[in-house]
Amino acid sequence: MADRKTLEIVSISQLSDEQAARIKAVDKRVRLTVAGSRDASDISNDAWERAEVVLASGRFLPEPEKVPNLKWVQVVFAGVENALASPLLQTPGIITTSAS
């Protein structure tokens with residue numbers, strides 16, 4: 001992270017305390033918001049607007065207009081088949097990766 005900007009990560013996947021700590025330990029500029037829910041509506045609009053990275057199961061993804069700064073979706077399961085129909089993953093310029 002060459003610049004001094006905060007990297008905003010939103011997780012709508014359940015993370016253990018250890019997993020959250022490991023993500024935050026990558027760099028002091030990482031800000032992690034964990035919903036601990038399977039429902040994207042549990043995340044505040046402010047958090048979505050700031051999000052650059054989303055960790056998700058591939059379900060319950062936000063609508064593209066809710067995440068104007070999004071650059072990357074990390075699907076935490078091995079496949080992205082369930083997520084492919086999401087309008088978010090059809091948005092040009094958003095990278096999608098999976099756990100596989």
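E52 forms a salt bridge with K71, the closest N and O atoms being 4.0 Å apart. A salt bridge here is a side-chain nitrogen of Lys or Arg within 4 Å of a carboxyl oxygen of Asp or Glu. E52 sits in the loop between α2 and β3, and K71 in the loop between β3 and β4 (72-75), so the pair ties together parts 19 residues apart in sequence. Helices (H or I, at least four residues) and strands (E, at least two) are DSSP runs, numbered from the N terminus.

This is a predicted model: local features need pLDDT of at least 70, side-chain atom pairs count only at pLDDT 80 or more, and totals for chains, interfaces and linings use all residues. Residues are numbered from 1 along each chain as its sequence is written, and side-chain values use heavy atoms, with hydrogens and water left out.

E52 also meets K5 in a salt bridge, at 2.7 Å from N to O. K5 lies in the segment before β1 (7-11) and E52 between α2 (45-50) and β3 (53-56), so this pair ties together parts 47 residues apart in sequence. E52 is buried, at 8% relative accessible area. K5 is partly exposed at 44%, and K71 is partly exposed at 46%. The cut-offs are under 20% relative accessible area for buried, over 50% for exposed, and in between for partly exposed (1.4 Å probe, protein chains only).

Now helix α2. R50 and D46 are 4 residues apart there, about one helical turn. Their side chains meet in a salt bridge at 2.2 Å, N to O. R50 is partly exposed, at 25%; D46 is partly exposed too, at 45%. Both belong to a salt-bridge network that links E8, R31, D46 and R50. The structure holds 6 salt bridges.
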